[in-house]
Amino acid sequence: MAVSNNHKEKLEFIEETTKNTDQVQAKVLSEILSRNAETEYLKRYNMEGATDRETFKARIPIVAYEDLKPDIQRIAEGDKSPILAADPISEFLTSSGTSAGERKLMPTIEAELDRRQLLYSLLMPVMNLYVPDLDKGKGLYFYFIKSETKTPGGLVARPVLTSYYKSNHFKHRPFDPYNVITSPTAAILCTDSFQSMYVQMLCGLIYRAEVLRIGAVFASGLLRAIRFLQLHWRDLARDIETGTLNKEITDASVRESVKDVLIPNPDLAKFISDECSVENWAGIITRIWPHTKYLDVIVTGAMAQYIPTLEYYSGGLPMTCTMYASSECYFGLNLKPMCKPEEVTYTIMPNMCYCEFIPIEESYGKVTGSLVDLADVEVGKEYELVITTYSGLCRYRVGDVLLVTSFHNAAPQFRFIRRKNCLLSIDSDKTDESELQKGVERAAELIKSYGAGIVEYTSRTDTTTIPGHYVIYWELLVKEGGRWPEKEVFDKCCLEMEEELNSVYRQGRASDIIGPLEIRVLRSGAFEELMDYAISRGASINQYKAPRCVSFPPIIELLDSRVVSTHFSQGKPQWSPRRKDMK
Ligand code: AMP
């Protein structure tokens, strides 16, 4: 009864808030501006305590991370004066978007945890409208924390989900029958990703009959879990058969967390061995967890590349994308979570932050026109999202491009189109064109002494491997008197490129979230053939430029059929939690 009342209240909250989108937005802005009236930032732009939209829009500039970097640097160095927010900065959230190769640092305040928790609390009431009886079983979720660092001023810097899993909101959450998960908190909080995954999978297998939904944050994470099962099912089955935990699990609290659940179960062990030892893993998810109603993973944006593989392993289970969020702020949720991946739209909740929108055609040059408010965006148009948050970001460009598809009450619903300047992404990594270019230039140094150079290149992600990896296509020119580099040189070029990519990429490689980078060397003339192909499809000869990233299957086929040699990175690029931009 109490649970259903709670769900009712949450659904009413969604209705109320979205019906009054514009009023709620005005209130959010006025609250942010009045709370932060005495901050250096708002004073710098002569807000003089004003809390209305007109003054705000007239005086506060639209900014990107680079504009705020000097202020953020001061906070990181320990300046506790109210620079961006009146509330003390409680920690930095490290975004997967980078600046000068390092994760962006997003200052946040304690109260934001409550706002994020509020958005989480809306998800199950909505899901419950579409999928009944989720309170009658458990969710198998693969959640992980990442390493954290301290800034010179002593503030913790870590990803937003690490902050959330370590918070009391998560660790000491009250019992909710709709949110029972199989993973012990100790396993989620274990920094050793092998031990963490092992025990989360073990518990998922032990509770297999009770599992109703399976998820991870991103689709790539769930596929990593399947791959883990492929590699370790024998050990897992042995543990279940004997009721003793693998000695490789050394973390005392993780061992303690399975003490009572790991009891000898030879029947289950035999079942797992029988299912996992067959060649064909199609539908493995539903074979092992037969009551799974859906996969809870984000498959929008860059993650769409994983849909076919997830369909294969799950035998076509529905995939639900429940929310749209970032380190800067959590934005909104999908009010029709059981829709098809290509139909997913997110309703930005008007209470989370103040949102403005740059019409996409204006977002490439200097933004001069006036920005559109949340309630005023138009269906069918694409916009770049600009936010003003309680943590002190003012008119900040998130870098996401969204398409308005419809309205729920007065709140627009958005399809995530893409992130600006993101060329390649496997997991949370985002590599842009200039980073790729620098990587290619650095690797090209290794073939220079052979009289060889790269005449043209392009790239793509290959997600047929788990984990997925970057593929870079090179066409070479060897000058007269020069010679073709040996295989080992190209192998080295792969690692050399990786060394140049940003820290999120290198961290992904360090923890095997991203596979070794591959260079495919093409035969001479391949890019000319690519140009001919593009022109045959209507590209202009004068303006033709080789694309820096390809995804269209016929183009990939064309390139792959011209490959003369393939090379993989033989090592791992350097990565340490220490940031290059912090002393
Ligand atoms: P981060 O700040 O590292 O957490 O990354 C946030 C970014 O991830 C957002 O700005 C989006 O580009 C992307 N993102 C978050 N949620 C979704 C989603 N549901 N679908 C597609 N992309 C998303």
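Trainee: How many residues lie between E15 and E16 in their hairpin, and which residue in the turn has a positive phi?
Mentor: Both elements are strands, and a strand here is a DSSP run of type E with at least two residues, while a helix is a run of H or I with at least four, each numbered from the N terminus. E15 spans 396-408 and E16 spans 411-419. Their hairpin has two residues between the strands, and the one in the turn with a positive phi, about 55°, is asparagine 409.

Trainee: What kind of model is this, and which atoms do side-chain values use?
Mentor: This is a predicted model: local features need pLDDT of at least 70, side-chain atom pairs count only at pLDDT 80 or more, and totals for chains, interfaces and linings use all residues. Residues are numbered from 1 along each chain as its sequence is written; with hydrogens and water left out, side-chain values use heavy atoms.

Trainee: Which of the 16 residues around the ligand come nearest?
Mentor: A residue is near a molecule or strand if one of its heavy atoms lies within 4 Å of it. By class, the shell has seven nonpolar, five polar and four charged residues. Here Ala, Val, Leu, Ile, Met, Phe, Trp, Tyr, Cys and Pro count as nonpolar, Asp, Glu, Lys and Arg as charged, and the others, Gly among them, as polar. The ones that come nearest to the ligand are Ser96, Thr300, Ser327, Tyr346 and Asp400.

Trainee: How much of the accessible area of the ligand does the protein cover?
Mentor: A polar contact is a pair of N or O atoms within 3.5 Å; within protein, one must be able to donate a hydrogen and the other to accept it, and residues adjacent in sequence count only if both atoms are side-chain atoms. In the side chain of threonine 300, a polar atom lies 2.6 Å from a ligand nitrogen, while ligand oxygen atoms are 2.6 Å from an N or O atom of the serine 327 side chain and 2.7 Å from one of aspartate 400. On its own the ligand has 500 Å² of accessible area (Shrake-Rupley method, 1.4 Å probe; for residues, only the protein chains shown count as cover). Of that area, the protein covers 89%.

Trainee: Which strand gives the most residues to the shell around the ligand?
Mentor: Strands E1, E9, E15 and E16 each supply at least two residues of the shell. With three residues, the strand that gives the most is E9.

Trainee: How many residues separate E9 and E10 in their hairpin?
Mentor: E9 and E10 are antiparallel and share three bridges, and tyrosine 324 has glycine 332 as its partner in E10. Glycine 332 also has a bridge partner in E11, isoleucine 348. Between E9 and E10, the number of hairpin residues is four.

Trainee: In which helices do phenylalanine 194 and phenylalanine 228 lie?
Mentor: The structure holds 21 aromatic pairs; rings of Phe, Tyr and Trp (its six-membered ring) pair if their centres lie within 6.5 Å, and planes under 30 degrees apart count as stacked, over 60 as edge-to-face and the rest as tilted. Phenylalanine 194 and phenylalanine 228 form a tilted pair, 5.6 Å centre to centre with 50° between the planes. The pair ties together parts that are 34 residues apart in sequence, because the two residues lie in, respectively, helices H10 (residues 193-206) and H11 (residues 219-242).

Trainee: Where is proline 467 found?
Mentor: The peptide bond from isoleucine 466 to proline 467 is cis, with omega near -5°. Proline 467 sits in the loop between strands E17 (452-462) and E18 (469-478).

Note on methods
Two strands pair if DSSP finds at least two bridges between them.
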